[in-house]
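Here is a short report on one protein chain. Please keep the sequence and the structure in view while reading.

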Amino acid sequence: MPSLTEDELLLREAETIVVALGKMFPGLCEVVLHDLRRPDNAIRVIENNLSGRAVGAPATELGLARIEDPDYPSVIQNYPNTFPDGRPAKSTSIGLKNSKGAYVAAICLNLDVSLFSTITRALGNLIQTDAPAQPENLRARTTDSLRALVEEFAVSRGRGPRDLEVADRKELLRSLKEQGFLEVKHSVPALTEILGISRATIYNYVR
């Protein structure tokens with residue numbers, strides 16, 4: 001039996017890792033092994049298929065970038081992504097090099113964060129209590145309501161409130177404005193605290 005080449009040995013070991021990770025997160029996290037030596041049919045293994053791709057599918061843009069540039073970062077971690085059906089995902093991509101410094105494979109993890117959005121809403125409903133007859137602090141109520149809305153929006157984008165992209169912040173603030181939240185007293189100061197941006201930025205985004 002001929003001995004395996006270095007690249008094949010690397011891919012075989014990576015396959016073991018991908019299968020093990022897939023079994024650890026069934027139904028939650030898609031784990032994919034890309035053979036970057038064959039960009040036209042790069043996918044070698046796919047566990048917990050959430051994207052609808054198949055073994056033999058071509059490399060992604062990120063995979064092609066690694067093939068073209070050996071200095072491309074080996075780890076791209078926790079970046080926002082989207083499945084073909086629109087579900088938000090949180091992804092991490094890990095490139096594997098051989099002893100010559102060439103990228104041979106990539107392990108990609110795509111976590112379906114839409115499931116956690118549903119769980120978050122369910123837990124919120126579970127712990128919700130009846131409002132007191134005489135609310136003690138209007139500012140606190142405003143902050144809590146806004147924080148809940150902002151956090152739910154951020155989770156749908158696979159990020160924390162202060163990590164949202166500019167386009168996402170604009171979308172969020174325009175939605176809050178349309179719903180009348182920016183007219184509520186203390187709402188803008190609350191949003192500056194939650195999002196970590198200035199009042200001027202908030203007003204600029206909603207113009």
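## Strand pairing and overall layout

T92 stands opposite L109 in strand 5. The model behind this pairing is predicted.

Strand 4 and strand 5 (residues 103-112) pair in the antiparallel sense, over nine bridges. These strands form a hairpin with five residues between them. In the turn, G101 has a positive phi of about 85°.

Strand 4 (residues 88-97) also pairs with strand 3 (residues 75-82). That pairing is antiparallel too and runs over six bridges. Here I76 has S93 of strand 4 as its bridge partner. Strand 3 and strand 4 make a hairpin with five residues between the strands, and G86 there takes a positive phi near 95°.

In a regular strand, side chains alternate between the two faces of the sheet.

| Hairpin | Residues between the strands | Glycine with positive phi |
|---|---|---|
| Strand 3 and strand 4 | five residues | G86, near 95° |
| Strand 4 and strand 5 | five residues | G101, about 85° |

Now the whole chain. Its secondary structure comes to seven helices and five strands. Along the sequence, the pattern reads α-β-β-α-β-β-β-α-α-α-α-α.

How much of the chain counts as buried? The figure is 35% of the 207 residues. The chain exposes about 12,300 Å². Carbon and sulfur atoms supply 54% of that area.

Contacts come last. Take those in the chain with a separation of 6 or more: residues 24 or more positions apart account for 49% of them.

Key: Residues numbered from 1 in each chain as written. Predicted model: local features only at pLDDT ≥ 70, side-chain atom pairs only at ≥ 80, totals over all residues. Heavy atoms only, no water. Pairing = 2+ DSSP bridges. Helix = DSSP H or I, 4+ residues; strand = E, 2+ residues; numbered from the N terminus. Buried < 20%, exposed > 50% of the residue type's maximum accessible area, 1.4 Å probe, protein only. Contact = heavy atoms within 4.5 Å. Areas by Shrake-Rupley, 256 points an atom, 1.4 Å probe, with all protein chains shown as cover.
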